Amino acid sequence: MGSDFEIAFITDAEIKKRASSFLQRYHPHLTIPVPIEEIAEFQMGIDIIPLPGLHHVLEVDGFTSSDLSNIYVDEFVYTSRPGRYRFTLAHEIGHVILHKEIYEKAQFKNSQEWKRFINDIPDQSHSRLEYQAYAFGGLILVPAESLKRLTNKYVKHIQASGISLKKNWDYAWYCIEDQLAKDFAVSTQVIGKRLTKEELRELYR
């Protein structure tokens, strides 16, 4: 089934443009943390449905129904891992925005059919599908301008405290990334990748 679906190449610039349009429509004030759950449920009309043991059975934290009306999330992630839960929602919304036609064409009716759909997609195409959703998710949860502004703020705090950024590079960025993760309500891994993508660390070398 999956081999019938062509996963189109989307440039990083286009993903960034689509993410910016999404934020302009659903969260134009760009306050953080971005209220991704409220956006999904109340603005996009998507039902969020926790499923016990989803990760154990399918080895994913979440997936989206073929008609794009439901996002299913592992119940443990839903109740006990807020940062991971928020990113799961953002990632799945990436599929809703970027892969609408693919999902609707697939017409899977339950989790097992979804798994067959995913397993049938060739590895390279599947990697492209997931990368696009991951990139989109990071961009809407950690908007570039907010990230730049807060990174600059915390760099100045570090320097004002007497810590040399150049001499204590790893420690300083550990502290900065930890605070940014709290502000954006995401993992430090997500922050690290966003900092790399925006090339923000390089500004302070």
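**Pockets and packing**

Me: How many residues of the second largest pocket's lining are nonpolar, polar and charged?
Reply: The lining divides into 8 nonpolar, 2 polar and 6 charged residues. (Ala, Val, Leu, Ile, Met, Phe, Trp, Tyr, Cys and Pro count as nonpolar; Asp, Glu, Lys and Arg as charged; the others, Gly among them, as polar.) This is a predicted model: local features need pLDDT of at least 70, side-chain atom pairs count only at pLDDT 80 or more, and totals for chains, interfaces and linings use all residues. Residues are numbered from 1 along each chain as its sequence is written, and side-chain values use heavy atoms, without hydrogens and water.

Me: Which residues lie nearest the centre of that second largest pocket?
Reply: Rolling a water-sized probe over the atoms shows where empty space is left. Here, Tyr 131, Ala 135, Leu 139, Arg 194 and Lys 197 lie nearest the centre, among 16 lining residues. (On a 1 Å grid over the protein atoms alone, a pocket is an open set of points where a 1.4 Å probe fits, with protein on both sides within 12 Å along at least five of seven lines; lining residues have an atom within 4 Å of a point.) H1, H8 and H11 each supply at least two lining residues. (Helices are DSSP runs of H or I, at least four residues, numbered from the N terminus.)

Me: Which residues lie nearest the centre of the largest pocket?
Reply: Asp 61, Gly 62, His 91, Glu 92 and Glu 130, out of 25 lining residues. H5 gives the largest share of that lining, 7 residues. By class, the lining has 10 nonpolar, 9 polar and 6 charged residues.
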